[in-house]
Amino acid sequence: MSKLIATSTIRGARSIVKETEVLLEKTIQQKGKDYEFEFPDTAFYLPMIYALTGFPVKTLSDMKVALGFAQELLHDDPDENLWLPYLGETLDSGMATLFAEEIFLALRYINGDEPYIDKETGYTYNGFITDTIQRNLGVQLVDGTMPGFAAIIGAAPSEDIAVSIVRELQEKNILIFLSGQSNGDSVTKQLLRKGVELGWDSRIVPLGPHTEHTLYALDWAIRASLIFGAKKPGDFKEHLKYQKDRVFAFAIVLGELDDLKWATGAGAINMGFPAICDTDVPVIHPTGVCTYEEVDKELDHSRIVQRAIEVRGLKITVEKPPIPVAYGPAFEGERIRKEQTFIEFGGQRTPAFELVTMKEMEEIEDNKVVIIGDNWLEEYEKGGKMPLGIVVEVAGRKMQKDFETIIERKIHQILNEAQGIWHMGQRDINWIRISASAKSAGITLEHLGIILNTMIHSKFKSIVDKVQTLIYINETDVLRERQEAQKIYRQRDIRLSTLTDESVDTFYSCLLCQSFAPSHVCVITPERLGLCGAYNWLDGKAAYEIDPTGGNQPIPKGSLLDAKYGRYSGVDEYLKKASGGAVETLNLYTIMENPMTSCGCFECIVAIIPEANGVMVVNRGSQGMTPIGMKFSTLAGSVGGGMQTPGFMGIGVNFITSKKFLYGDGGIKRIVWMPAALKERIKEDFIIRAKEEGIPDLLDRIADETICEESDPLLEFLTQKQHPALEMDPILT
Ligand code: SF4
Ligand code: ZN
């Protein structure tokens, strides 16, 4: 590494450590050394320090200890590489910088200065990124929809360049974090001036206006190895290796680099994240740590994204329909408000529906869009609202009736990813809007069909050989076709409700999360969906047809070894191999003995409350305390990583209302506590299940946070309500 950079890095590190020391002393004087702090919604204290040293920082005096680690790393003797002997002095300074920055930002939180609010514009930055967001995005990171993330630091030479860099990353589905500034300007401000939508929905997340705010992105990255990788806190080599191998991050540095940028960059390099700069910096070629350039330059802004992708080795395959607006997951969360709408369909305003149906090969003219209705273009040009029936016809040698619903469910995502098209709902309760700007870009009704045809081909290559889309726009046609569709929806519902674990001979595995949690396997059965909620048995079956060597594999059930607990010989055999020996045997229907493992992206956690002789179910996103004295975030921290943890289990929301939910432990009658929002979400199905169990008002006998958050009042409530769990066999035997 060049002498110049080394000097700059070491200087930057010393200065942030010093600055943090001063702020820490001042804060201790004001608040006292025992003052407690945690970042919002995380189970990992100060995550960088916790992951790399194993030291949980809980108080201001803990921060003093942790800052000591940073000071230790700032040694004078270049030969004396203390803590990361294999990294070298400059990188030691990088690590010291990250530790100091983390404490510095924590102190700013304590003083009410984070998340940062821009005084001029009133804009509030994101600040610290919560565990919940990490888990929400987990599946997208593992299944390749989100191939990586970019931290952009500084400001582009012009607003237009800022927009084009960000758009290019968005179209490649890369998550973008913004921080820092250059010459008093920043990419965040540049995008705000251009009216670009910022935030998690558009996947452009401004963290803060200073260089040290970049740490929030690194803090997010390091939690992947804690949450999904189950790497032990303190095992820094394992953490850094995991980051390098599995977290596809890079930085784009726009504008001149100062000492703190070099020092923070050195920290990022420790994690295997290269930086591509738009200034004439010395290129740092591969050393012991990385196999790629650690610092590189690309002075041409139209090439800088491509260069970054090449250096970090991201694999990106993006298929786009031929339409006059941008397309990609970054536009999936885009909202179109009433006043931005050119035309809308459905949503109780006009009759509408959508249906995917299977045909014979010869019945379909591939890629055709047929709009049924006279003068459709004139009708469309008027704007406002319009009836709409969408029928997608598919055929393929490997197509099956069962896959219709799977393709149909994708319509939502497929249409939403077009910029300026918004979709909600499904079946005959769908609702579509086309924005005025998409209209002026040239979007017509025909494009809805083009988007569906192209993307269904692309997403379902091996089961769909031909696809065409029919679009009905006359009210009488739509009403007539909708009635036909409703018959089909009903038949499908009947078919689904007869699909049971007993009625099939094959289950499916999902191994997608193994890229983050190597020993985790989701066993997906007709009555138990994957714990992230995104994959059910039919999805598994279709995914296997689509890609026989992919992440979903058939599991022949074998013989039933235990009907109550749901143990199958075929499942056990499969798991031994697929979990690399980590799981020997699995019971599908109990939480108490060899339950399913968890990766980290579960929608809910089930945990036993021994004193209530039952369980609670708490959903991701719930912020409050639970009767076992842990918040979701804390609880989640001890359940993930692909281990079996009797008494605790991650599940998908829909599993709660399955007949197989804790079947061996007594089923839904064991549930004694759930957050009110979760109760509300599953209400309809839950009441049906409760009736089947002979306790129609069971939901009302289950406590929530409005009733209690502790175990004593919980017991009182359950007794008063005569909750069935109190009468059941002891859950702990
Ligand atoms: Fe991960 Fe399981 Fe969801 Fe597959 S089903 S993505 S393994 S959580
Ligand atoms: Zn997962």
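Visitor: Which domains supply the lining of the second largest pocket?

Guide: Rolling a probe the size of a water molecule over the atoms shows where empty space is left. A pocket is an open set of points on a 1 Å grid over the protein atoms alone, where a 1.4 Å probe fits, with protein on both sides within 12 Å along at least five of seven lines; lining residues have an atom within 4 Å of a point. Here domain 1 (3-312) and domain 2 (329-483) each give at least three residues to the lining of the second largest pocket, the bounds coming from an automatic or database domain assignment. The model is predicted: local features need pLDDT of at least 70, side-chain atom pairs count only at pLDDT 80 or more, and totals for chains, interfaces and linings use all residues. Residues are numbered from 1 along each chain as written, ligands from 1 in written order, and side-chain values use heavy atoms, without hydrogens and water.

Visitor: Which residues are closest to the centre of the second largest pocket?

Guide: Among the 27 lining residues, these are Glu197, Glu334, Gln340, Gln419 and Ser437. Helix H15 (436-441) gives the largest share of the lining, four residues.

Visitor: What are the protein donors of the zinc ion (ligand 2)?

Guide: Donors are N, O and S atoms within 2.8 Å of the metal (3.2 Å for Na, K and Ca); water is not among the atoms, so sites may look incomplete. For this zinc ion (ligand 2) they are the SG atoms of Cys513, Cys599 and Cys601, 1.9 to 2.2 Å away. Their sequence spacing is C-x85-C-x1-C. Cys513 and Cys599 are both buried (under 20% relative accessible area, 1.4 Å probe, protein chains only).

Technical notes. Buried < 20%, exposed > 50% of the residue type's maximum accessible area, 1.4 Å probe, protein only. Helix = DSSP H or I, 4+ residues; strand = E, 2+ residues; numbered from the N terminus.
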